[in-house]
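Here is a short tour of a protein chain, meant to be read with the viewer open. Keep the sequence at hand and follow along as the topics come up.

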Amino acid sequence: VKNREREEKREKTISNNNRRGPQTRESDSMVFQFSWLLFYFISAVSIPSTVHCLIPLRPESSHRRVHNVKNSSSSSALSSSSESEASAAEDTDTPTTTAAMNQKSKAFLPLAEKACQYLTASTDPFHAVSNAVQKLESFGFSKWSPKSPTVAGGKYYYTVQQSTLVAFTVGQQDPAPGTTRAFKIIGGHTDSPNLRIKPRSKCATNKYNCVQLAVECYGGGLWHTWLDRDLSLSGKILVRDKESGKIQSRLVQFQDPIARISTLCIHLQSADERKALAVNKETHTVPIVASESLKPAIEEAASDQINGGAGTKKRKVESSDGNLAGESEDAWHQHQEPLLLQRIAQELDIEVSQIADWDLSFYDVQAATVGGMQSDFLYSGRLDNLATVFCSLEALCDHSTDLSSDADISMICCFDHEEVGSVSSHGAGSPVLAEAIERVSKALGQYEDHPETISKSFCLSIDQAHAVHPNFSAKHESAHGPTLNSGIVIKTNSNQRYTTNSMTGFILRELGRKI
């Protein structure tokens with residue numbers, strides 16, 4: 001009863017820090033160090049033929065067990081959050097001295113700093129995939145299609161809708177006589193909760209000298225943590241060629257803070273409102289991007305470009321909200337904020353009339369960084385789940401430098417839309433993974449033995465895990481609390497929300513023990 005009362009009180013209370021401007025971003029409470037377990041898994045694991053664990057990424061579950069796989073030489077991607085979760089940990093090693101921990105932190109710093117660069121640059125799924133592709137190509141990976149030559153020792157990748165990535169290597173060794181190449185797969189996702197621009201970006205309620213952009217909450221975010229942040233925009237733009245009219249996609253990423261969602265000042269809040277901040281996702285999360293009094297000149301310039309030049313100003317018409325809007329061949333422009341159109345055109349060095357559509361989302365401009373008094377934490381937004389994308393990418397690239405002892409196919413699949421259920425055309429619940437295995441098997445001439453290939457293959461579904469938050473330790477089972485920087489976390493669930501079983505869990509623990 002006391003626990004329930006404490007929980008009800010916590011849900012109604014937002015700390016003063018959050019009310020004045022939270023010190024942690026969305027996913028900032030997740031902190032972690034890195035491990036080479038993924039590299040070891042890709043490089044050295046021997047897959048028993050009895051393992052049948054080819055799976056899509058796991059769905060979310062509120063009833064799960066989580067175990068730390070600890071060892072004396074490495075730490076792993078771990079996270080901390082205040083959300084409710086039943087989890088478990090196995091502590092088997094002895095305490096480490098402060099000096100040894102400092103030395104271990106220093107050993108991981110180059111990798112952590114490299115991770116910070118990737119996390120900062122990957123502000124949306126499109127940039128996450130684009131940056132991953134650049135990394136892969138620098139290691140000799142080439143773009144692949146089912147018609148491409150696929151040979152032993154080859155390194156390949158392809159993307160789906162620019163936000164889902166599949167990359168793989170083919171071992172140089174031939175499989176044993178009478179057998180096929182198995183797939184060793186790491187699955188993660190490229191998306192994170194954020195605020196996305198609505199199909200009609202212009203706010204019909206722009207008033208009080210403020211220009212705002214219409215946004216929609218994507219995924220299950222802690223939306224109060226988006227208040228009082230320096231926000232910017234990034235994503236994909238569809239651009240119409242002036243001569244041919246053909247459409248091409250281009251990525252855009254504003255580097256400067258262009259928006260802010262301000263908290264209501266404490267003087268205008270009632271006593272009850274001060275105790276509990278209830279965020280209305282439709283009205284409280286609309287960012288302010290400009291002052292209305294400075295807007296007309298830019299709006300006129302955008303309208304001129306849409307209409308084909310200054311000589312066509314007479315074609316301006318009033319939109320439904322009373323604002324002037326250009327009458328162009330594409331009526332879509334009339335419902336977009338002129339300031340946004342003009343800024344995108346400037347960034348891409350195109351005309352406003354060439355902008356055909358977009359997929360844009362806001363992000364916090366604060367860069368990822370290594371922190372803690374011993375530099376043993378990494379603070380960043382989007383850790384869920386760009387941490388997996390980074391780790392799996394590093395592992396695959398390192399593995400690809402020497403394929404001479406490998407006879408199998410090592411693959412990473414980084415999906416979009418996990419935060420909203422994975423049921424899109426290129427989410428983890430789509431045919432992307434199954435088709436990847438099928439197409440690669442056909443390209444290698446082993447599709448006739450497809451059932452055997454499946455039975456020999458193994459898939460690690462990797463996401464962030466919630467370590468015990470020291471301020472909210474009651475949220476975890478007392479005997480099952482994973483701790484920060486203490487090893488890989490294995491998630492299990494008796495109702496099969498995760499597919500971990502005794503065999504697959506043992507394999508990971510054995511890998512952790514060996515390294």
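## Confidence

The mean pLDDT of the chain is 80, and 73% of its residues reach 70 or more. Do keep in mind that this is a predicted model.

Two stretches call for some care. Residues 44-67 have a pLDDT below 50, and in the model this stretch makes 86 contacts beyond near neighbours in sequence. For residues 69-95 the pLDDT is also below 50, with 109 contacts beyond near neighbours in sequence.

## The open sheet

If you like to start from the fold, look for the open sheet of six strands, ordered β3-β4-β5-β17-β6-β18 with mixed pairing. At its edges are β3 (142-143) and β18 (458-461), each of which pairs on one side only.

Strand β3 runs parallel to β4 (residues 155-160), and two bridges join them. Serine 142 has tyrosine 156 in β4 as its bridge partner. Helix α9 (residues 383-400) packs on this sheet, where it touches β4, β5 (164-170), β6 (183-189) and β17. The direction of α9 makes about 150° with that of β6.

## Aromatic pairs

There are seven aromatic pairs in the structure. In one of them, tryptophan 332 and tryptophan 358 have ring centres 4.8 Å apart and planes at 65°; over 60° counts as edge-to-face, so this pair falls in that class. The two residues come from distant parts of the chain, 26 residues apart: tryptophan 332 is in the loop between β13 (324-325) and α8 (338-348), while tryptophan 358 is in strand β14 (residues 355-364). Both tryptophan 332 and tryptophan 358 are buried.

Phenylalanine 377 and tyrosine 379 have ring centres 6.4 Å apart and planes at 35°, so their pair is tilted. Phenylalanine 377 is partly exposed, at 25% relative accessible area, and tyrosine 379 is also partly exposed, at 32%. Elsewhere, ring pairs link Trp144, Tyr156, Tyr158 and Phe168 into a cluster.

## Charges over rings

Which ring does the charged end of arginine 196 sit over? The ring belongs to tyrosine 218, and the charged end lies 3.6 Å from its centre. Lysine 442 lies over the face of tyrosine 447, at 4.9 Å from the ring centre.

## Glutamate 419

Tyrosine 218 turns up again among the contacts of glutamate 419. This glutamate is found in the loop between β17 (409-415) and α10 (432-443). Is glutamate 419 buried or exposed? Its relative accessible area is 17%, under the 20% cut-off, so glutamate 419 counts as buried.

Leaving aside neighbours within four places in sequence, glutamate 419 is in contact with His189, Asp191, Ser192, Pro193, Tyr218, Gly219, Gly220 and Asp384.

## Tyrosine 363

Back in strand β14, you will find tyrosine 363. At 6% relative accessibility, tyrosine 363 counts as buried.

Which residues does tyrosine 363 contact, leaving aside its neighbours within four places in sequence? Among them are Thr123, Trp226, Asp230, Leu231, Ser232, Leu233 and Ser234. The list also includes Gln253, Phe254, Gln255 and Arg382.

Methods. Residues numbered from 1 in each chain as written. Predicted model: local features only at pLDDT ≥ 70, side-chain atom pairs only at ≥ 80, totals over all residues. Heavy atoms only, no water. Phe/Tyr/Trp six-rings, centres within 6.5 Å; stacked < 30°, edge-to-face > 60°. Helix = DSSP H or I, 4+ residues; strand = E, 2+ residues; numbered from the N terminus. Buried < 20%, exposed > 50% of the residue type's maximum accessible area, 1.4 Å probe, protein only. Lys NZ or Arg CZ within 6 Å of the ring centre and 35° of its normal. Contact = heavy atoms within 4.5 Å. Pairing = 2+ DSSP bridges. Axes fitted to C-alpha atoms, helices over the stretch in contact; angles between N-to-C directions. pLDDT = per-residue confidence, 0-100.
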